[in-house]
Every structure is written in structure tokens, then in C-alpha cells.
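Thanks, everyone. Please have the model up on your screens. I'll go through strands, a salt bridge, a pocket and confidence.

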Amino acid sequence: MRNLINFLIRYNHWFLFILLEVICFVLLLRFNHYQKSAWFTSSNYVAGKVYDVSGSITSYFHLNGVNEELLDRNMLLESRISELERTLLDIGNDSAAILSLQEAHSGDYDLFKARVIKNSIFNSNNYITLDKGSTDGIRPEMGVVNGSGVVGIVYMTSSHYSVVISVLNSKSNISCKIKGSDYFGYLQWEQGDPRYVYLRDLLRHSKFNRGDTVVTSGYSTVFPEGVMVGVVDGMTDSNDGLSYLLRVKLAADFGKLSDVRVISRHGQEEQRVLENRAEKQ
């Protein structure tokens, strides 16, 4: 207390000076319209700049949430477009049935959010690690996609993490087809450029063009039909001469994977058990 009193006594002239300056400043603004107007104009400008910077910072930190929402909407729209195309083919463009297309969204699978925490693209067998595991509902042999297209298949899980066999893996073997066609082949990767994979065993009488879209065929328990994979970039004959070997440019950019979705198909386990039983007989 004594130190405080000594401090105030020692610097009392400075406090008196500040007090008088404040009084003068208040009187100046109160009784002079020009200075008052200039002060409020300047203060409003400064306040506006502060709010502008503050809003920009707030918006930046909300980008993650916005990206999450956009990814979810993109996945929902892709599934609805795929279901719409299948429905139109089934009903032969019957206008009476088109009225119910808003309810055509398939409910036979669920999507789980996950984030990539480890990734590789230049090995012969590349794997991806996700931050979600069995406690989050993730199981082996579930499909993994992002907002652009197919990413891989869940290989192993622990309680809180999952390892995914990337499309850029020699063990990956995903059934795919040319969009709008029922001819299918198997997607495989040969070590090299991570932007390209190959669609094998596509029959020679199948029709396609460079730039055609490649999607999942639906002939497996992993991916539903119509999930984006990439576009046809080139074609050669296979070694046996009985089928085509298509070079496919991937839609997903594996060099910057971040947020992904894991697909859980309803009835997946039952279908897999039945197929395994049939193969053993």
C-alpha cells in the first residue's frame, strides 16, 4: 500500500497531465462540430476495419466445417444421380413414375466420416490410415471414397484406427465399368504415375471412347453401383488379345487426400458369407 501511495505521489504530475488532456479532448469534441464529425468518421472507419479482419479470421476457422458439409452434400448428390439414372433405365422414362424420384435415394448403405492421417502413393503397395476404427462402426472390406471418387477398401481395423488398401496398390482389384454400359472389368494399378490405373478384362466387343466415365459396377459387396472412379485416358490390347486394357485417369487426387467417407452396405456380411459358402462347394 505504501509503495502504491509513493508511486502516485512520485508521478502525480503525469496523472494530472493525462486527466487534463482527456478533459480537453472531451470539451473539444463536445463543442466543436467539425472535430466531432471527424472523430466519429475516423472511429467508424477503424471499427469497420477491425470487424472486417475479425470476420475474415472467423470465416477462415470455419472453413473446415464448410468443407465437411460440402463433402456430405456431394456424396448425397452423387448417390441420388446414380439412383436416378438406374431408375430412368428401369422405368423407360415413364413420366408417371418420375414423380416419385425424389424418394429414389438408396437407403441400403450408410456413410461414416473419417480423416486420412497417413498416406503413401509411390510404393508398389500403398496403404492409407484413417482416424476411425471398429468402435466407430468401421469394418474390413468397406469401401472408402472422397468427394471426387473411389479411394480404396478397408483392410484392417483396430478400436480407433483403420488401414485401407489404396487404389494405388497391386492387391487392389475393384470391379468397374464404363458408365452407361453393362460391360465390366477390374481396376488395377501398376507402379508408376499415381494419377493413372488400368481397367483390365474389358471384352473386345464393348463400346467406349476416350473421355468416357468409369464407375463402380456394383458387382461386389463393397461399392454400390455408379461411384465415380475416373475417365478413360487411353486404350491398348491385353496380352491375350481377347480384351482391352484401358488407361484410366483417377478422379481422386491421392496426393492430397484429407476427408473421406467409408461406405457400409446393408446386408454386406450376409452376401459375403453366402458367396463364400458357394465357392467352397
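β8 and strand β11 (residues 243-250) run antiparallel, joined by six bridges. Valine 197 has valine 248 of β11 as its bridge partner. On terms: strands (E, at least two residues) and helices (H or I, at least four) are DSSP runs, numbered from the N terminus. Two strands pair if DSSP finds at least two bridges between them.

This is a predicted model, where local features need pLDDT of at least 70, side-chain atom pairs count only at pLDDT 80 or more, and totals for chains, interfaces and linings use all residues. Residues are numbered from 1 along each chain as its sequence is written, and side-chain values use heavy atoms, with hydrogens and water left out.

Back to β8, residues 196-203. β8 also pairs with strand β7 (residues 184-188), antiparallel, over three bridges. There, leucine 187 partners leucine 199.

Next, the hairpins. Strand β3 (residues 143-145) runs antiparallel to strand β4 (residues 150-157), with three bridges. Four residues make the hairpin link from β3 to β4. Valine 145 is bridged to valine 150. β4 then pairs with β5, again antiparallel, through five bridges. That is a hairpin too, with four residues between the strands. Glycine 152 has serine 166 as its partner in β5.

Now charges. How many salt bridges does a search of the whole structure find? Six. The criterion is a side-chain nitrogen of Lys or Arg within 4 Å of a carboxyl oxygen of Asp or Glu. One joins arginine 115 and aspartate 259, at 3.1 Å, N to O. Arginine 115 sits in strand β1 (residues 109-119) and aspartate 259 in strand β12 (residues 259-265), so the pair ties together parts 144 residues apart in sequence.

On to the second largest pocket. A pocket here is an open set of points on a 1 Å grid over the protein atoms alone, where a 1.4 Å probe fits, with protein on both sides within 12 Å along at least five of seven lines; lining residues have an atom within 4 Å of a point. This pocket has 16 lining residues. Glu141, Tyr219, Ser220, Thr221 and Val222 lie nearest its centre. α6 supplies the largest share of the lining, five residues.

Last, confidence. pLDDT is the predictor's confidence in each residue, from 0 to 100. The protein's mean is 77, and 71% of residues reach 70 or more. Where pLDDT is low, the predicted coordinates should not be read in detail.
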